[in-house]
Amino acid sequence: MKGWRSARAPLIWAALALAIGVPVAAAAASEQLAWRGPVYILAGFAGIIALGLVLVQPLLIGGYLPGLSAYRNRRAHHWIGGALALAIVIHVAGLWVTSPPDMIDALTFSSPTPFSPFGVTAMWAIFIVALLALLRRPLGLRPRAWRIIHIPLAIVIVTGSVIHCLLIEGTMETISKAALCALVLAATVKVMIDLKVWRKRRLLRSEGIARQ
């Protein structure tokens with residue numbers, strides 16, 4: 001069993017690299033880039049990278065990536081959350097530079113494009129999580145309170161990001177985009193189920209100890 005786990009580890013990391021790398025490479029080969037400026041291209045790829053980071057986050061918190069201890073998973077989750085917020089800032093700032101009126105419409109939820117409100121909602125959820133993560137200790141948020149706040153916001157981030165991405169007809173290739181979005185949803189659902197199961201097991205163990 002231990003040998004199988006060791007052999008499986010490179011496959012898991014390779015699969016993750018492909019899940020994120022293939023959509024990025026497909027977008028880089030898009031013919032639409034010929035009509036885009038460098039700032040717009042940077043903003044677009046920042047959005048694609050952000051979606052890839054959204055996939056990594058539940059994998060880390062669920063401990064599904066081999067070779068990382070629980071402590072390293074938490075630290076990586078923290079830093080990648082910061083990188084995700086930065087990627088969104090670059091994404092939004094780049095689009096603002098290229099078309100301020102469109103971004104004003106999007107940020108005020110008055111844009112006619114159907115994908116805008118989902119992206120903006122996910123953006124604000126990401127910023128709220130990032131801010132609360134920075135202020136968690138000063139605010140004295142305990143683990144239970146943090147989970148109560150963080151989990152619903154994570155669901156908003158995942159749902160909004162996936163719908164936003166799927167509705168956009170841009171440089172991302174359709175099949176690889178759909179596959180990445182499906183993986184983001186699957187990873188999120190799995191970690192939600194597993195965390196619920198783990199909490200139930202801990203509760204049962206604590207109740208059993210209390211009865212003894």
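Start with the secondary structure: the chain has eight helices and zero strands. Helices are DSSP runs of H or I with at least four residues, strands are E runs of at least two, and both are numbered from the N terminus. Read along the sequence, the pattern is α-α-α-α-α-α-α-α.

This is a predicted model, where local features need pLDDT of at least 70, side-chain atom pairs count only at pLDDT 80 or more, and totals for chains, interfaces and linings use all residues. Residues are numbered from 1 along each chain as its sequence is written, and side-chain values use heavy atoms, with hydrogens and water left out.

**Whole chain**

Select all 212 residues. Of these, 34% count as buried. Buried means under 20% relative accessible area, exposed means over 50%, and partly exposed lies in between (1.4 Å probe, protein chains only). Now think about contacts, meaning heavy atoms within 4.5 Å. Among contacts between residues at least 6 apart in sequence, 70% join residues at least 24 apart.

**Helices α3 and α5**

Select residues 70-98 for α3 and residues 116-134 for α5. Their axes come within 10 Å and cross at roughly 140 degrees. That makes α3 oblique to α5. Axes are lines fitted to C-alpha atoms, for helices over the stretch in contact, and angles run from 0 to 180 degrees between N-to-C directions. Under 35 degrees is roughly parallel, over 145 roughly antiparallel, 65 to 115 roughly perpendicular, and the rest oblique.

Show the side chains next. In α3, pick L84, A85, I88, V89 and V92; they meet M123, I126, F127 and A130 in α5. This contact has nine nonpolar residues, no polar and no charged. Nonpolar covers Ala, Val, Leu, Ile, Met, Phe, Trp, Tyr, Cys and Pro; charged covers Asp, Glu, Lys and Arg; the others, Gly among them, are polar.

**Helix α7**

Move to residues 143-167, helix α7. Its 25 residues should span 36 Å at 1.5 Å a residue, and the end C-alpha atoms are 35 Å apart, which agrees. The expected span is 1.5 Å times one less than the number of residues. Colour the buried residues, among them W146, H150, L153, A154 and I157.

Where is H77? Look in helix α3. H77 is buried, with a relative accessible area of 17%. Leaving out residues up to four places away in sequence, H77 touches Q57, L60, I61 and H150.

Finish at H150, in helix α7. The C-alpha atoms of H150 and V129 are separated by 6.6 Å, though the two are 21 residues apart along the chain.
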